[in-house]
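I opened this model to look up a few local features. My notes are below the display.

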Amino acid sequence: MLLGMNKEHKVVVIAPIEGTPAYNANIHPGDEIIEVDTKPVKGQSLDQVVKQIRGPINTKVNITFVQL
């Protein structure tokens with residue numbers, strides 16, 4: 001999924017990528033990421049959040065979204 005930072009400095013989905021878990025989970029553009037592995041992302045940079053989401057290869061990451 002492609003991510004970005006909105007005007008309110010919140011991490012949001014720009015576009016889910018077809019065939020990915022986010023796409024299959026019905027994530028939409030504009031949905032906000034609020035937690036990665038139960039840790040709030042508020043106040044973090046986009047790069048910090050992306051690193052947490054990527055994690056080590058072959059590991060699962062739980063992401064909490066607020067859907068629009």
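Predicted model: local features only at pLDDT ≥ 70, side-chain atom pairs only at ≥ 80, totals over all residues.

**Entry 1: largest pocket.** I looked up the volume of the largest pocket and found about 430 Å³ of space. I then listed its lining, which has 17 residues; M1, P21, A22, I53 and I63 are the closest to the centre. Which elements give two or more residues to this lining? They are the strands β1 (2-5) and β5 (63-66) and the helices α1 and α2 (46-54). I checked which of them gives the most, and this is α2, with three residues. By class, I have the lining of the largest pocket down as 13 nonpolar residues, two polar and two charged.

**Entry 2: nonpolar patch.** I searched the surface for nonpolar patches and noted one of about 270 Å², made by L2, I14 and I17. I placed I17 in the loop that runs between β2 (11-15) and α1 (21-24). Is I17 exposed or partly exposed? Its relative accessibility is 40%, so I17 counts as partly exposed. The cut-off I needed here is that exposed means over 50% and buried under 20%, with partly exposed in between.

**Entry 3: positive phi.** N26 has a positive phi, near 65°, and is a residue other than glycine. I located N26 in the loop between α1 and β3 (32-36). I recorded N26 as partly exposed because its relative accessibility is 48%.

T38 is also on my list, with a positive phi of about 65° although it is not a glycine. T38 sits in the loop between β3 and β4 (39-40). Why does T38 count as exposed? Its relative accessibility is 65%, and exposed means over 50%.

**Entry 4: V66 and I27.** I looked up V66 and found it in strand β5. With a relative accessible area of 36%, V66 is partly exposed. I then took the C-alpha to C-alpha distance from V66 to I27, which is 9.5 Å. How many residues apart in sequence are V66 and I27? I have them 39 residues apart.

Methods: Residues numbered from 1 in each chain as written. Heavy atoms only, no water. Patch = residues over 30% accessible without salt bridge, like charges linked within 9 Å, V, L, I, M, F, W, Y side chains within 5 Å. Areas by Shrake-Rupley, 256 points an atom, 1.4 Å probe, with all protein chains shown as cover. Salt bridge = Lys/Arg side-chain N within 4 Å of Asp/Glu carboxyl O. Helix = DSSP H or I, 4+ residues; strand = E, 2+ residues; numbered from the N terminus. Buried < 20%, exposed > 50% of the residue type's maximum accessible area, 1.4 Å probe, protein only. 1 Å grid on protein atoms, 1.4 Å probe; cavity = no way out; pocket = protein on both sides within 12 Å on 5 of 7 lines; lining within 4 Å. Points joined across faces, edges and corners; volume = space filled by probe spheres on them. Nonpolar A, V, L, I, M, F, W, Y, C, P; charged D, E, K, R; others polar.
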